[in-house]
Amino acid sequence: MSRLLFALSLLLMVGPAIAETWPDARWQTHPLAPSAALQDLEAYAFPTRDEQARKGVRTDALLVIRNGEIIYERYAGVTKADTPHLTWSISKSILATVLGVAYGEGRFKLDDPVATFYPPFNAHPDIKIKDLLHWASGLDWQEDYEYAPLNSSVIAMLYTQGRGDMARYTAEHPVACAPGTSYRYSSGDSTVLAAALRGMVGDTAYTDYPWTALFDPLGIKGAVWETDATGTFVGSSYAYMTARDLARIGLLMQRGGRWQDRQLLPTAWVDLNLTPFASQTPTREAPGGQWWLNKKADGKPGPWPDAPLDTFAGLGHWGQALYVMPSAGLVIVRYADDRDGTYDHNQLLKRALKAVAGEGGQ
Amino acid sequence: MSLRKGFIRRRPFSSVTLLILLLLLAVIWTWRLPLQVFPSIISAYTAKEYCSCRYVMNNPVDYCQRYVKQWLPSTLTESLSDKRITATGMGRESSAQWQGARQGCQLLPPVP
């Protein structure tokens, strides 16, 4: 009798874990039934593609995961399910996830000076790891792309003076304000995090660390992460993976840093990622720790009014996006080649939520 | 003092031209490093992003040519045997090469 009770209570405990869907080598699929709301989403994401003037919304991939199952997936142009697509600045959020594993291994503390792991930062002894995570190093960085190329720190880092040693190029920037006080979006800050990771885990482990720490446990195959000439990962910009593989990082984050029964990222780390940074200078965006949020430090809503407040995202140049909405059980990957500003995150999220709710939702 | 005033009064246009020239020189001096490396941007961008488009994302040639197209003219040479891309633009040349399955592409030295 007591054995039966024990078995029953064990079943009750294990029950919820069994009900939770996780991808193994493949994802389970449960496609959304056709509806007007789904048509509306497709009309927004996949208008006739302008290949000549490259104007308007040009989605390469749209993948929607609900509670660990694929409910929608479509590719356009030359991108396919097995294309490792450039993520641009989603790389920053991927790097933060890799760093989270190192944090869980006790390799560093948030208040450690960057110089402990990356000696060229001896020139900036007050800058801490958490300041880089908040894009608040205080360095005088110019993050402009094609519209101000002469003055752009990021163009120089990727393509000219900085490309041999990107982290050192960042370290050589002068100081604009005190570290940890003001948000100033900087690919340099993210690249220095990638250089500091080498100091945290050592030269030998570094080359494979994103794979051993994160990609392998999540079952991500075929990811590419380009480096500068010194071998430092271009943590700001150059990670590539398939839409389905990026969704695995989204699912890990949706479930609080847990992958199946393993807490891969400490809760404290995920909290840092998802807590709005209180910047002394006003911000249009709502930055967290290398992720973008939908709520600001003063409690006001963030930039996507039609999405839940707990929405967060990794975002990249030309329309790349990894959206996570824990309260809706959703992860959305969008790859694109948008060359103008037509695409609007809020419009896509609004239509995606309607398309999902139209089916009865949760 | 009166001599300079005299020059400005006698040659007002030359004085303004001289002043503009001096200001221009000062601007060029301040921006000498970015100006010197600026012309490399087009060829470096074209070589690197074309290399990644072809050998990391595995996209077709004609797509990648359109993908890296800028408003300034540039040329592309692809060496299939060693997966090496050479691009020119604004009078400069840059090369990028595929490094491996996990490392993708990288711009080759010298750094401008």
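Helices (H or I, at least four residues) and strands (E, at least two) are DSSP runs, numbered from the N terminus. The model is predicted: local features need pLDDT of at least 70, side-chain atom pairs count only at pLDDT 80 or more, and totals for chains, interfaces and linings use all residues. Residues are numbered from 1 along each chain as its sequence is written, while chains are lettered from A and ligands numbered from 1 in the order in which they are written.

**Backbone details**

Pro110(B) is found in the segment after β4 (104–107) of chain B. A cis peptide bond joins Pro109(B) to Pro110(B), with omega at about 5 degrees.

Burial is counted on C-beta atoms placed from the backbone: a residue is buried with 20 or more others within 10 Å of its own, exposed with 12 or fewer, and partly exposed in between.

**Two helices**

The expected span of a helix is 1.5 Å times one less than its number of residues. Helix α7 of chain A covers residues 187–201; its 15 residues should span 21 Å, and its end C-alpha atoms are 22 Å apart, which agrees. Of these 15 residues, 14 are buried, so α7(A) is largely enclosed by the rest of the structure. Gly202(A) follows α7(A) and has a positive phi, near 90 degrees.

Helix α2 of chain B has 19 residues and reaches 27 Å from its first C-alpha to its last, close to the 27 Å expected. The number of buried residues in α2(B) is zero, so this helix lies largely in the open. Leu19(B) lies in α2(B), residues 12–30. Leu19(B) is exposed, with 11 other C-beta atoms within 10 Å. Between Leu19(B) and Ser79(B) there are 60 residues in sequence and 51 Å in space, C-alpha to C-alpha.

Chain B is divided into domain 1 (2–30) and domain 2 (40–107); the bounds come from an automatic or database domain assignment. The centres of the two domains, taken over C-alpha atoms, are separated by 46 Å.

**Sheet and interface**

Strands pair if DSSP finds at least two bridges between them. In chain A, three strands form an open antiparallel sheet in the order β4-β6-β5. β4 and β5 stand at the edges with a single partner strand each, so one side of each has no neighbour in the sheet. Two bridges join β4(A) to β6(A), residues 239–241. Leu86(A) stands opposite Tyr240(A) in β6(A).

Contact means C-beta atoms, placed from the backbone, within 7 Å. By that rule, 21 residues of chain A are in contact with 24 residues of chain B. On the chain A side, β4 (85–86), α5 (153–159) and β5 (224–225) each supply at least two residues.

**Core**

A nonpolar core is a set of buried Ala, Val, Leu, Ile, Met, Phe, Trp, Tyr and Cys residues joined through C-beta atoms within 7 Å. The largest has 117 residues, and Leu63(A) and Ala196(A) touch the most other members. Helix α4 (residues 40–55) of chain B gives the most to this core, with nine residues. Beyond its neighbours within four places in sequence, Leu63(A) has contacts including Ile70(A), Ala243(A), Ala247(A) and Val333(A).

Technical notes:
Two residues are in contact if their C-beta atoms, placed from the backbone, lie within 7 Å.
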